[in-house]
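Hello,

Here is the structure I promised to pass on to you. Have a look at it first, and then read on for what I found.

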Amino acid sequence: MSTHAAMPARGRTRPSSRARAHGRSSWAIPVTLGAAYGLYASFILRNNGATGYRQFWYGLITAVALAALCFVLGRIQHTMLPLVRAVAYGALTAAAIGLLVGLTDSSVLRSAALGLAVGLGMFISTFYIYYTHEKT
């Protein structure tokens with residue numbers, strides 16, 4: 001005997017109140033970004049004449065810091081408003097690019113300007129994506 005399509009299912013029909021299960025990409029993407037960022041920061045320091053230990057530790061610290069910030073932002077991004085989320089991604093990108101440009105012995109104004117320009121571009125693109133592709 002078949003049941004009607006509108007028949008309510010037995011048991012729990014609401015989504016669970018527990019946090020969503022995150023897959024490998026929740027930690028693999030931040031680790032990959034952090035590793036690439038740390039290697040590039042280490043490479044820039046090496047070209048500026050840094051010693052091996054300073055270069056290694058600086059690359060490791062920047063890799064861990066960026067990976068941790070990306071992981072935390074990825075975990076809490078769904079609780080933020082789209083505007084705040086776009087600002088967070090723009091600020092993280094601006095700080096990361098500004099630090100890399102600052103490592104090249106350029107002026108503070110140049111690193112700040114380039115970081116702000118790239119961060120503004122990230123803000124505009126994420127703002128557009130969140131407001132056109134998500135339900136608010």
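The secondary structure of the protein chain comes to 4 helices and 0 strands, and from the N terminus on the order is α-α-α-α. Helices (H or I, at least four residues) and strands (E, at least two) are DSSP runs, numbered from the N terminus. Please keep in mind that this is a predicted model, in which local features need pLDDT of at least 70 and side-chain atom pairs count only at pLDDT 80 or more, while totals for chains, interfaces and linings use all residues. Residues are numbered from 1 along each chain as its sequence is written, and side-chain values use heavy atoms, with hydrogens and water left out.

Of the 136 residues in the protein chain, 27% are buried (buried means under 20% relative accessible area, exposed over 50%, partly exposed in between, with a 1.4 Å probe and protein chains only).

The axes of α1 (residues 25-47) and α3 (residues 82-102) come within 9 Å and cross at roughly 20°; axes are lines fitted to C-alpha atoms, for helices over the stretch in contact, and angles run from 0 to 180 degrees between N-to-C directions. That makes α1 roughly parallel to α3, a label for angles under 35 degrees. Where they meet, α1 brings Tyr 37, Tyr 40, Ala 41 and Ile 44, and α3 brings Ala 96, Leu 99 and Leu 100 (contact means heavy atoms within 4.5 Å). By class, this contact has 7 nonpolar, no polar and no charged residues. Ala, Val, Leu, Ile, Met, Phe, Trp, Tyr, Cys and Pro count as nonpolar, Asp, Glu, Lys and Arg as charged, and the others, Gly among them, as polar.

Also in α1 is Ala 28, which is partly exposed, with a relative accessible area of 24%. Its C-alpha atom is separated by 9.2 Å from that of Phe 71, 43 residues apart along the chain.

The loop between α3 and α4 (108-133) holds Asp 105. Phi of Asp 105 is near 60°, a positive value in a residue other than glycine. Asp 105 is exposed, with a relative accessible area of 63%.

Finally, a note on sequence distance: among contacts in the protein chain between residues at least 6 apart in sequence, 66% join residues at least 24 apart.

Best wishes

Notes
Parallel < 35°, antiparallel > 145°, perpendicular 65-115°, else oblique.
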